[in-house]
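Here's a quick tour to keep open beside your viewer. Have a look at the model, then work through the notes below.

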Amino acid sequence: MSTKEQEYYSIGEVSKICNISKKALRFYDKIGIISPDKISEENNYRFYSKETLLSVPVIKYFKQMGFKLEEMRDFLEGSSYQAHEKGFRAKIDELKLMEEEIHIAYTSVRDWYDLVLEAESVIENDVTEVSIKYQDPMTTCYLEQEFSYNYMQSVINIEWTNYLEEIDRAITGPVIHWFPNYREKMAEERTRVRILQKIITDCGDNPTMTLGGHMAASCYHIGPHETINDTYEKIFKWANAHGYQCAEDSIERYVTDYWTIRNAEEFVTEVLIKVTR
């Protein structure tokens with residue numbers, strides 16, 4: 001046991017006083033972070049001075065800041081402000097990058113989770129009636145291509161994925177298809193489509209499209225995409241009965257699809273068409 005007269009502390013005492021394992025202390029010694037002040041020649045026991053013990057709280061705080069043990073050597077030596085400035089600047093840049101990556105990952109997971117909850121609620125409550133809603137404006141990144149009528153290949157779109165990698169942009173939320181003329185699409189005529197998704201980061205100089213900012217007729221479609229024309233017809237019938245005029249373009253917002261579930265009977269798609277009186 002240590003006494004007031006003792007100048008050194010055994011590794012076991014350091015472990016208890018500083019709440020750190022002996023294994024960690026041995027590792028610190030191995031990599032040159034904290035070394036014992038003397039080693040007994042008789043039994044090879046390690047002993048530490050009180051001053052050396054005070055390095056442990058410093059190390060713990062550096063670990064809290066995200067520094068690796070090998071990055072701490074210059075700081076622990078306390079040789080210059082320049083060493084701290086350089087090391088802290090590099091760590092700030094590293095942590096900012098990590099923060100951005102975590103933000104992208106968190107946003108992507110949260111938005112997908114919200115889509116699953118939305119789909120479950122739509123199916124559970126059989127929400128398939130037409131309603132009028134204000135469609136909030138949303139900035140999207142997009143790629144235009146000919147629509148192939150193969151929904152799986154259009155929703156899980158390799159060209160779209162490659163394009164996003166090429167422009168180095170992160171997206172989130174459901175895949176959205178914007179059709180300039182839904183009647184052509186319903187008739188399975190040759191037509192163009194824009195594949196869109198909400199961007200997490202700024203899209204830079206790449207083309208963007210703002211969706212929404214107006215009233216729209218909305219209707220959820222439950223089931224395979226190949227039967228989605230039934231939902232379009234439901235919207236037209238409802239709009240005509242309630243004195244609304246439908247615009248020519250439409251949006252298909254794939255709440256859940258091949259990305260989430262393989263059973264097409266449980267797909268949930270929201271069809272949106274701008275309407276005016």
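Helices here (H or I, at least four residues) and strands (E, at least two) are DSSP runs, numbered from the N terminus. This is a predicted model, where local features need pLDDT of at least 70 and side-chain atom pairs count only at pLDDT 80 or more, while totals for chains, interfaces and linings use all residues. Residues are numbered from 1 along each chain as its sequence is written, and side-chain values use heavy atoms, with hydrogens and water left out.

**Helix α8 and its surroundings**

- Helix α8 covers residues 158-167, and its buried residues are W160, Y163, L164 and I167. Buried means under 20% relative accessible area, exposed over 50%, and partly exposed in between (1.4 Å probe, protein chains only).
- Looking down the axis of α8, the buried residues fall within an arc of 100 degrees, so they line one face of the helix. The arc is that of the directions from the helix axis to the C-beta atoms.
- As background, an α-helix has 3.6 residues a turn, so residues three or four places apart point the same way.
- On the face of α8 turned away from the buried side you'll find the exposed residues I158, E165 and E166.
- The buried residues of α8 pack against β5 (138-146), β6 (171-179) and β7 (192-199).
- At the N-terminal end, N157 caps α8, with a side-chain oxygen 3.1 Å from the backbone nitrogen of E159. A polar contact is a pair of N or O atoms within 3.5 Å; within protein, one must be able to donate a hydrogen and the other to accept it, and residues adjacent in sequence count only if both atoms are side-chain atoms.

**The nonpolar cores**

- Which residues have the most contacts inside the largest nonpolar core? They are C141, W160, Y232, I235 and I273, in a core of 32 residues. A nonpolar core is a set of buried Ala, Val, Leu, Ile, Met, Phe, Trp, Tyr and Cys residues joined through side-chain atoms within 4.5 Å.
- Another core lies apart from that one and has 20 residues, including I59, F62, L69 and F75.
- C141 is in contact with W160, Y163, L164 and I167, as well as I195, L196, Q197, I199, C203 and P207, leaving aside its neighbours within four places in sequence. Contact means heavy atoms within 4.5 Å.

**Strand β12 and its partners**

- β12 (residues 268-276) is mostly covered, with 7 of its 9 residues buried.
- β9 (residues 214-222) pairs with β12 in the antiparallel sense over 7 bridges, and H221 stands opposite T269 in β12. Two strands pair if DSSP finds at least two bridges between them.
- β11 (residues 250-256) and β12 pair in the antiparallel sense over 5 bridges, with I251 opposite L272.
- β10 (residues 245-246) and β12 also pair in the antiparallel sense, over 2 bridges. C246 has V275 as its bridge partner in β12.

- An open sheet of 3 strands runs in the order β1-β3-β2, with antiparallel pairing. Its edge strands, β1 (8-10) and β2 (38-39), each pair on one side only.
- β2 is joined to β3 (residues 46-49) by 2 bridges, and K38 has F47 as its bridge partner in β3.
- Helix α1 lies across β1 and β3, running at about 90 degrees to β1. Axes are lines fitted to C-alpha atoms, for helices over the stretch in contact, and angles run from 0 to 180 degrees between N-to-C directions.
- S15 sits in α1 (residues 11-18). Is S15 buried or exposed? S15 is buried, with a relative accessible area of 17%.
- Setting aside neighbours within four places in sequence, S15 is in contact with I20, S21, K22 and L25.

**Helices α4 and α6**

- In α4 (residues 55-64), the buried residues are V56, I59 and F62. They cover an arc of only 120 degrees around the axis, which puts them on the same side of α4.
- The buried residues of α4 pack against α1, α2 (22-31), α3 (50-53), α5 (73-77) and α6 (81-125).
- G66 follows α4 and has a positive phi, near 95 degrees.
- T107 lies in α6 and is buried, with a relative accessible area of 8%.
- The T107 side chain reaches the backbone oxygen of H103 at 2.8 Å. Not counting residues up to four places away in sequence, T107 touches T172 and I200.
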